[in-house]
Amino acid sequence: MDSTTLTERCQDWNQNLSIDESQRLVKNVALTGEQSKNGYTYSESSLKSAVPLYDAKPVFLDHARDRTRPHDRSTRDLVGSITNPRYDQGRIRGDIHVLETDSGKTFLKLLEMDTPGIGMSHVVKAKRSLDGTVVDEIVDVISVDAVVNPATTKTFSESTSADNVTAEENTPLLNFEQQIETLISEQKRLQIQNSELSSLVQKLQTKQQVNDLLAESRLPDGAVTNFFISQLEATSDRKLQEQMIQDRLSLLTPEIKQPSLVMSRERSSLFESASEDDRFIQAIRKK
């Protein structure tokens, strides 16, 4: 049977916990239990065999914004990691090593203030029985997240054994709307990124084209000024670039009569005055 992603909240996660400030450890945190409000249970064997999977797994503040991509998390949300996971009286417990991040500090502050509605929620890959009533195996642990449950106003210290149940977050309609919103936002971001990349590729191609034309033209270094190069790179029209280079060459070989050319408005705008080019032209005329 294929594994599915389950997100389970554990409301009384803080019963019997303690905080070792010197080690930045929150000890004896309940990570998950046997019962689910959705009508199924975690088998004892599935919990016991899953214990090593929790070791060193990350703890985040809140769930991933896109629930369909639970692995895509920001380091800004990182609270710390799980250490010393163990099976204890029907539950998996562990210690949380809290980092000195903004999220880590917020997590400790929530503990200190005994904030209502906070719970621990694990995100796991699991296999259930054919009738869906039993979780037979936890295949992988993605993360353990500290979340707010708006449906309760209980604080850490008020949680009781009646809250010793976990619930899979399975609200497809709400999640579907969130997914659409996320996908639209991602699409816009990719469109902007694609436009920027296309523009960059065009500029690089034009630059390479100008370099090739200048190399073929064998113009002397003194004739290839920065202003002249910028004029060439201002258009991607190869024929126009070739003609501009030919015009440049004609200044070096005045004895060769060149047919008069009627410049387009685009070319005219490219031949604005520049001190570097003025000096170049004056030097040619003095010869």
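The structure is a predicted model, in which local features require pLDDT of at least 70 and side-chain atom pairs count only at pLDDT 80 or more, while totals for chains, interfaces and linings use all residues. Residues are numbered from 1 along each chain as its sequence is written, and side-chain values use heavy atoms, with hydrogens and water left out.

**The whole chain**

Of the 287 residues, 38% count as buried (buried means under 20% relative accessible area, exposed over 50%, and partly exposed in between, with a 1.4 Å probe and protein chains only). Among contacts with a separation of 6 or more, 70% are between residues 24 or more positions apart, a contact being heavy atoms within 4.5 Å. The accessible surface comes to about 17,200 Å², and carbon and sulfur atoms hold 50% of that area (Shrake-Rupley method with a 1.4 Å probe; for residues, only the protein chains shown count as cover).

**Strand 9 and its partners**

Select residues 134-148, which form strand 9. Strands are taken as paired if DSSP finds at least two bridges between them. Strand 4 (residues 41-42) runs parallel to strand 9 and is joined to it by two bridges; here Tyr42 stands opposite Val135. Strand 5 is likewise parallel to strand 9, with three bridges, and Val59 stands opposite Val144.

**Two loop residues**

Select Arg65, in the loop between strand 5 (58-61) and strand 6 (78-88). Arg65 counts as exposed because its relative accessibility is 72%. Display Thr182 as well: the two C-alpha atoms are separated by 8.3 Å, although Arg65 and Thr182 are 117 residues apart along the chain.

Move to Thr225, in the loop between helix 3 (172-217) and helix 4 (226-233). Thr225 is buried, at 7% relative accessibility. Its side chain makes a polar contact with the side chain of Arg248 (3.5 Å); such a contact is a pair of N or O atoms within 3.5 Å, where within protein one must be able to donate a hydrogen and the other to accept it, and residues adjacent in sequence count only if both atoms are side-chain atoms.

**Salt bridges**

A salt bridge is a side-chain nitrogen of Lys or Arg within 4 Å of a carboxyl oxygen of Asp or Glu. The count by this rule comes to 12.

Select Asp20 and Lys27, whose closest N and O atoms are 3.9 Å apart in a salt bridge. Lys27 is partly exposed, at 31% relative accessible area.

Continue to helix 2 (residues 102-113), where Lys109 and Glu112 lie three residues apart, about one turn of the helix. Their salt bridge has its closest N and O atoms 3.6 Å apart. Lys109 is partly exposed, at 42%, whereas Glu112 is exposed, at 60%. Finally, select Arg73, Asp77 and Asp145, which salt bridges with shared partners join into one network.

Notes
Helices (H or I, at least four residues) and strands (E, at least two) are DSSP runs, numbered from the N terminus.
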